[in-house]
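Hello,

Here is the structure I promised to pass on. Have a look at it first, and then read on for my notes.

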Amino acid sequence: MVVKDENSDKTLELFVKIGLDERTARNTIANNKVTANLTAVIHEAALTEGCDRTIGNLLYTVATKYPANALVHRPDLLEYVVSSKIKTPAQLEAAFLFLSNIASEDFKRSEFEEACGVGVEVSVEEIAHTVNEIFEENKAVIIERRYRTNVGELLGSVRKRHPWADPKIAKQLVEVKMFELLGERTAADDEKPSKKKEKKEKPAKVEKKAVVDDIPAQPSEEELNPFSIFPAPEDNVKVHTEVFFSNGSVLRCFNAREMLDKHLKLTGGRVFTRFPPEPNGYLHIGHAKAMFVDFGLAKERGGCCYLRYDDTNPEAEKKEYINHIEEIVKWMGWEPFKITYTSDYFQDLYELAVELIRRGHAYVDHQTPEEIKEYREKKMNSPWRERPIAESLKLFDDMKRGLIEEGKATLRMKQDMQSDNFNMYDLIAYRIKFTPHPHAGDKWCIYPSYDYAHCIVDSLENITHSLCTLEFETRRASYYWLLHALDLYQPYVWEYSRLNVTNTVMSKRKLNFIVTNKYVDGWDDPRLMTLAGLRRRGVTSTAINAFVRGIGITRSDCSMIRLDRLEYHIREELNKTAPRVLVVLHPLKVVITNLESGSVMDLDAKKWPDAQADDTSAFYKVPFSNVVYIERSDFRMKDSKDYYGLALGKSVLLRYAFPIKCTDVILADDNETVLEIRAEYDPSKKSKPKGVLHWVAEPSPGADPLKVEVRLFDKLFNSENPAELDNWLADLNPDSKVVVPAAYAVPSLWDAAVGDTFQFERLGYFTVDKDSTAEKLVFNRTVTLKDTYGKGGK
């Protein structure tokens, strides 16, 4: 333990020396993969004594984003970084792209330097000249929009003309030019433009917008088509990755031409992908990204995507999960080419395991799990590693026939126990489990591991692109080692970053814990980021897919996406699809004294803000009587200038109805609690109060409005990243679910069906929950009306 602490301290010191602040350095050390990569990069760069922060930041980027298929060229890149020939993030990204394309091919310095802008110096004067040109070209539009002008688009135009310019200098010059042209920012610059004004000026605005559209750089091919980064199946003869062995040898993994031609003949040259969930829980929003990548690539290329259940562990899988996954995949808008199970290939996998033993690449081991762990930590070979092939074949057959007790033997792959990659430490290929399988029945008592089965089934199903998240990157070596050892076709492997969203947990283990221990109301609780929970909350699959597409298929590790970014996409869709209705959550009675008791008027209310008067389908009827209800929070005893609600002696407009003026207040015995308000209405509508309130009226004398239950959902956890907390359960938000048992709604909602969505005016977007009955509707709040993402979250 002491040695470990000393090593951690030395690593921390090393990272701080290259300019990382102590917090970033400590967070890095918590990630074993990044720690190993960054340490190796620092030693390769010969900067163990430290460097300035700019170079240190570039080294960190190399450690986290360097293309794995071009490791042989990493020392060359570091030479450029250390000498400051490559000194900006843009140059480094260009270097990664260049090196990933050449992989292990010859490194041509002249081509590399040209691709990365080495030696290109863009002076402050050149940047200033370009900024002046851009402002002159778009002066009229900038003056019209003032500080609502999209500065990012202006900077994009600068980057287009000077890709190697210092972005900080460009930003400073653009800001200075904005001030020169427009002067101080005023309060009017922060006001939203009047909708009325926008409508009047619409023709002119459309014309001028065309000028603004010339400002930004053209979207990259990757932005237009996120799948453009993936190679075509016929290019799969290049080196996939290089596996470095402790004896100094290197395995360069690629398909021989003959092997690839055979594969292309079977697939017709089409793209084949697979979405391979393990049926041991409900799918969450992270799986939505995986589906988008797997199914999306196949769809974009006119190919096929399997839905393949990774069912190698019979103890964890349930039919409930299998049914759920298939249902959710279809709800998300994806159609599998074929539904398969890893267990469909158990016989093939067994026969290939026998062949692996025959070739001397696997052996039967009798170490306990504890002994295997200890030997791996010490990089020691198992005592049974060199047992004769015939003996391992006999014992493996005994395992298959149930002649060896559970836990007394495993089949392990003979890889490289001295490797720098722990995923080459003789991984387990088969273990004994006397457990019936949900899909395969009781035929087998030995089951393959994920590490053994996954790559082989990829090959057997002729997968062209095996796509997975970054935590599997270190398993590339084992993936290709095994396919090479068995002379099988090798798919193209590519990893992307996991989708992590703030204020929730994504781990199946943690999700299972809070579900089974009833911290939430099941796997489809609307507070969860499970896809079933999001669907029940009223989120559409198209909004989720738009959110995922907007994030992109990136390799940025450990990224945390803010929840309000998802909410932005939800609002964008529901604003167009959810009709408006009037609902009052906390009713306060208002008696209109100058309207005859018992009289009811049917008024027209808009389902959509831009409803045309001649479109009857865009309106619904709401009753207006002498008893109406407003939100309790929309009334105060004391008025103020910045308050637009109702107060004694003050007027407000009831939306779609009439202005009313509060004339009296009925208080409870405590002289504080408001029981009822008396008001007079203005039938002529001549008064023009500023405040506009939503309301619901008695549909007939003495009859209550439609009563509904409303559930207000908020963030499940208070912290943005609860998973990193030691006591993550203590971070649960006690107000994540608030039930309003008796809200009042307009009569038109009576016919609402489960899954229907609405905008409750001034309150948010809501959907009808499955708990609704014939006697009472239940609504879940999908999202509030307030959007913070567009104000700085993008």
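In which strand is Val250 found? Val250 belongs to strand β2, which covers residues 250-253. Please keep in mind that this is a predicted model. Val250 is partly exposed, at a relative accessible area of 30%. Together with Leu71 and Phe244, Val250 makes a nonpolar surface patch of about 210 Å².

Next, the annotated part of the chain. An unreviewed UniProt entry places the feature "domain: Glutaminyl-tRNA synthetase class Ib non-specific RNA-binding" at residues 10-167 and 171-248. In the model, residues 10-167 are 67% helix and 0% strand, and the end C-alpha atoms of that span lie 34 Å apart.

Buried in α3 are Val34, Thr35, Leu38, Val41 and Ile42. Looking down the axis of α3, these buried residues fall within an arc of 135 degrees, so they line one face of the helix. After α3 comes Ala46, which has a positive phi near 55 degrees.

Now to the charged pairs. Side chains of opposite charge can pair when their charged atoms come close. The structure holds 54 salt bridges, and I picked out a few:

- Lys17 and Glu13 form a salt bridge, with their closest N and O atoms 4.0 Å apart. The two sit 4 residues apart in helix α1 (residues 2-17), separated by about one helical turn. Lys17 is partly exposed at 32% relative accessible area, and Glu13 is partly exposed at 46%.
- Arg109 and Asp76 meet through their side chains at 3.3 Å, N to O, in another salt bridge. This pair links distant parts of the chain, 33 residues apart: Arg109 is in helix α7 (residues 109-116) and Asp76 in helix α5 (residues 74-82). Arg109 counts as partly exposed at 33% relative accessibility, whereas Asp76 counts as buried at 19%.
- Asp365 and Arg412 form a salt bridge with the closest N and O atoms 2.9 Å apart. Asp365 lies in strand β6 (residues 362-365) and Arg412 in strand β7 (residues 410-413), so the pair ties together parts 47 residues apart in sequence. Asp365 is buried, with 0% relative accessible area, and Arg412 counts as buried at 2%.

Finally, there is a network of salt bridges linking Asp524, Arg536, Glu709, Arg711, Asp769, Lys770 and Asp771.

Best wishes

Methods:
Residues are numbered from 1 along each chain as its sequence is written. This is a predicted model: local features need pLDDT of at least 70, side-chain atom pairs count only at pLDDT 80 or more; totals for chains, interfaces and linings use all residues. Side-chain values use heavy atoms; hydrogens and water are left out. Patches are made of residues with over 30% relative accessible area and no salt bridge: like charges are joined within 9 Å, nonpolar side chains (Val, Leu, Ile, Met, Phe, Trp, Tyr) within 5 Å. Accessible areas come from the Shrake-Rupley method with a 1.4 Å probe; for residues, only the protein chains shown count as cover. Buried means under 20% relative accessible area, exposed over 50%, partly exposed in between (1.4 Å probe, protein chains only). UniProt positions are given in the numbering used here, feature names are shortened, and annotations may be inferred rather than shown by experiment. The arc is that of the directions from the helix axis to the C-beta atoms.
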